[in-house]
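These are my notebook entries on a structure that I went through piece by piece.

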Amino acid sequence: MYQYNPIDQSIVDDRVKQFRGQVERRLQGTLPEEEFRPLRLQNGLYLQRHAYMLRIAIPYGLFNSQQMRMFAKIADKYDRGYGHFTTRQNIQFNWLKLEETPEILADLASVQMHAIQTSGNCVRNITSDPFAGVAADEIVDPRPICELLRQWSTLHPEFAFLPRKFKIAVSSSKEDRAIVAAHDLGLFLRNNEQGELVADVLVGGGMGRTPIIGTIIQYGLPWQELPNYISAVLRVYNLHGRRDNLYKARIKILLKALGVEEFTRQVNEEYQYWRGGHQAFTQEEWNQVAQYFVKPAYKTLPSLNEEPIVLQAPESERTSFSRWLERNVKKHQIPGYASVLLSLKPHGTVAPGDIDSSQMIKISNLADQYSFGLIRSTHEQNLVLADVEQTRLYELWKEAKSLGLALPNIGLLTDIIACPGGDFCSLANAKSIPIANDIQKRFDDLDYLFDIGDITLNISGCINSCGHHHVGNIGILGVDKDGQEWYQVTLGGEQGLQAAIGKVIGPSFFASDMPDVISDLIQIYIELREPEESFIQTYRRVGVEPFKTRVYANKEKKDKKNTVGEDAHG
Amino acid sequence: MAKLIHYQKGGVAQLAENQWQILPVDTQEPLGTGPYLVPFQYWLDHSGSAEIQAKYLAGELGVWFASDADLTAHRDVILAGMKFWAIIAVDFPIFRDGRGFSHAAIFRERLGWQGELRAIGDVLIDQLLQMAKVGFDGFLLRADQNEAVALEQFEIIHHRLQNDWRASRDQLGRGHHV
């Protein structure tokens, strides 16, 4: 992975010093909260319901075992012994004191990390494919471009006070694992017919109150031109995006208001001034960065098919080991290697994406032993050891199992994406974690989960959509009605190249109804599916009606029964 | 008394005496004595007047732009006017309105303004470094801001990762030195 040079190091060190001064002025009272707020947000620091929360940047989801050990240290020293991996590949700590945050940032800087631009109305931490550089379906390795863009966007003076946040994602494989289409700006990298690296640039995607799938407005942009072109997009947005209404301030609203044609015309007009200009990336910069993303020292190994791998396990363990191989192990570019997903979604015991400090340390050890000391975080809030020898999969499975990280539920119903919700977040209308946990407990039967197969269930505690409910096959959104927590259900959302926004099925439900509602939805799918058909495929074929009918018919029955029950007591 | 900082390209940030009065928008009063920064709309309405001519001939006329100014639409008028203006200012109605950063960059890169470009309005300590990078070299601090802390801000981050008005990015050319 990328290693800081003295310039990178100096910037994060100076940034800590700068923030220390700002915190001091805040504590002395010479810097009012209103003016401190954007400064702390651009250092990843939120004021939540109970304490300060720090969101640490994991650029494009790639980090190393030493950095993970630092997370463990921070969890123990400054927090309550655990951390939370987010849907944008970052990690959050929930229980911090303002006066300690400069120390935490200094600790992070000592392992080449920071929290710069993980929040605020600026260009946010850039996300990408967690399998970058190893995925079997990869077209080009996106990481050099991600790193160049990380550098270019870091502390950019012109674009630190945009109308609203600006999220960039990069994908360069056949399957999009970075939900590029739901970003303010997305890049699909590929080689053109001349073999040159180019980007197709998508703009105006996003979730939140107005979920929109973005539009590609530029095809085949040479990679060197990325800073020029993105600057043109950002300048149009900075000058013309709405600043009068927080909910209409994202670039997607500007694009919608102007129309794709007019928006693109304005960007292209602005781009004429930038094209070929001095902001362009150079080959030399590429070389400086790309040297860190050469292939690690892979051994020459035979490629194994499933059978010899399964046979590594004693007979009594083969069924469960096979399940893990099926769900948690992914194909690799290099013969004899595989990528392993560690599930951070145990059934009903912790918040999706949470791990404690002892797990962090043990994962660091696993990374050192099995995967060149590197770890990746995923949009689905799991972790990846990307370079594991196939002959060591059984051994790794045993270790992951002892850490509670080997549940074979990747991509299954209980691999729930959820925001921290009302338990932590001051924006949330409703809790997310207990809903996720209740559903996980309801479906705590691996046979049934495997029978249901591929499905995504995403939960957000409010319309800000941090749990990405819009793109879940099943989406759950917490809403507030008359001071009560309710949950709205959407169906048909999808991420990837088929990205789609789910549709609301009808009136919302109580928290206590949710496991039953999910059971009904799954039951209808099981009844109606054709052989080999996934949940989303069945939904697309039969539409929303059968799902809706079943859920609300059952709810009516249950409500009647409850009313009678209460009367009986009364 | 408002506090002014000058930080010229290649120079050192220092406190300075402010000579310029700022004419608010929609003022009907005639200009008083001494240098004036007038709103761009005022320039559009009065640039032919004897009063304005006398001011610019004396080097006592500057123009300030609001954050919602459309520099592209008025490009020709601005380019013509720049010959007469001693100073240009950009207003920050609230510190978090980032349009002024883009305006500054456009004045420097695209309109070729070489004179003083001053940030006025809600100008706070913690945005000075960014302002200095995009093209401002004059900073009229909000009255409650601490000058000593303000002066430290320009050197607080030693390296840069993108080209700006003052310098090129430090990663460029690193390969030659390593």
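**Entry on B:R166.** I located B:R166 in the loop between helix 6 (147-152) and helix 7 (174-177) of chain B, where helices (H or I, at least four residues) and strands (E, at least two) are DSSP runs numbered from the N terminus. Leaving aside neighbours within four places in sequence, I found B:R166 in contact with B:K9, B:A132 and B:K133, contact being defined as C-beta atoms, placed from the backbone, that lie within 7 Å. I also noted that B:R166 and B:G59 are 107 residues apart in sequence and 26 Å apart in space, C-alpha to C-alpha.

**Entry on the model.** I noted that this is a predicted model, in which local features need pLDDT of at least 70 and side-chain atom pairs count only at pLDDT 80 or more, while totals for chains, interfaces and linings use all residues. Residues are numbered from 1 along each chain as its sequence is written, and chains are lettered from A and ligands numbered from 1 in the order in which they are written. The model scores ipTM 0.96 and pTM 0.95. For chain B the mean pLDDT (the predictor's confidence in each residue, from 0 to 100) is 94, and 96% of its residues reach 70 or more.

**Entry on the contact between the chains.** I recorded 35 residues from chain A and 28 residues from chain B in the contact. On the side of chain A that touches chain B, helix 1 of chain A gives the most, with 8 residues. That side of chain A divides into 12 nonpolar, 14 polar and 9 charged residues, where Ala, Val, Leu, Ile, Met, Phe, Trp, Tyr, Cys and Pro count as nonpolar, Asp, Glu, Lys and Arg as charged, and the others, Gly among them, as polar.

**Entry on helix 1 of chain A.** I then followed helix 1 of chain A, whose buried residues include A:D8, A:R15 and A:F19. What covers the buried residues of this helix includes helix 4 (101-109) of chain A. Just after helix 1 of chain A, A:G29 takes a positive phi of about 95°.

**Entry on A:C122.** I found A:C122 in the loop between helix 4 and strand 6 (127-128) of chain A. A:C122 counts as buried because it has 24 C-beta neighbours inside 10 Å. Not counting residues up to four places away in sequence, A:C122 touches A:Q42, A:Q117, A:F159, A:A160, A:L162 and A:F166. The C-alpha atoms of A:C122 and A:L155 are separated by 9.1 Å, although the two are 33 residues apart along the chain.

**Entry on the core.** Which residues touch the most other members of the largest nonpolar core? Of its 212 residues, they are A:V233, A:L385 and B:F139; such a core is a set of buried Ala, Val, Leu, Ile, Met, Phe, Trp, Tyr and Cys residues joined through C-beta atoms within 7 Å. The largest share of this core, 9 residues, comes from helix 6 of chain A.

Terms used:
Two residues are in contact if their C-beta atoms, placed from the backbone, lie within 7 Å. A residue is buried if 20 or more other C-beta atoms lie within 10 Å of its own, exposed if 12 or fewer, and partly exposed in between; C-beta atoms are placed from the backbone.
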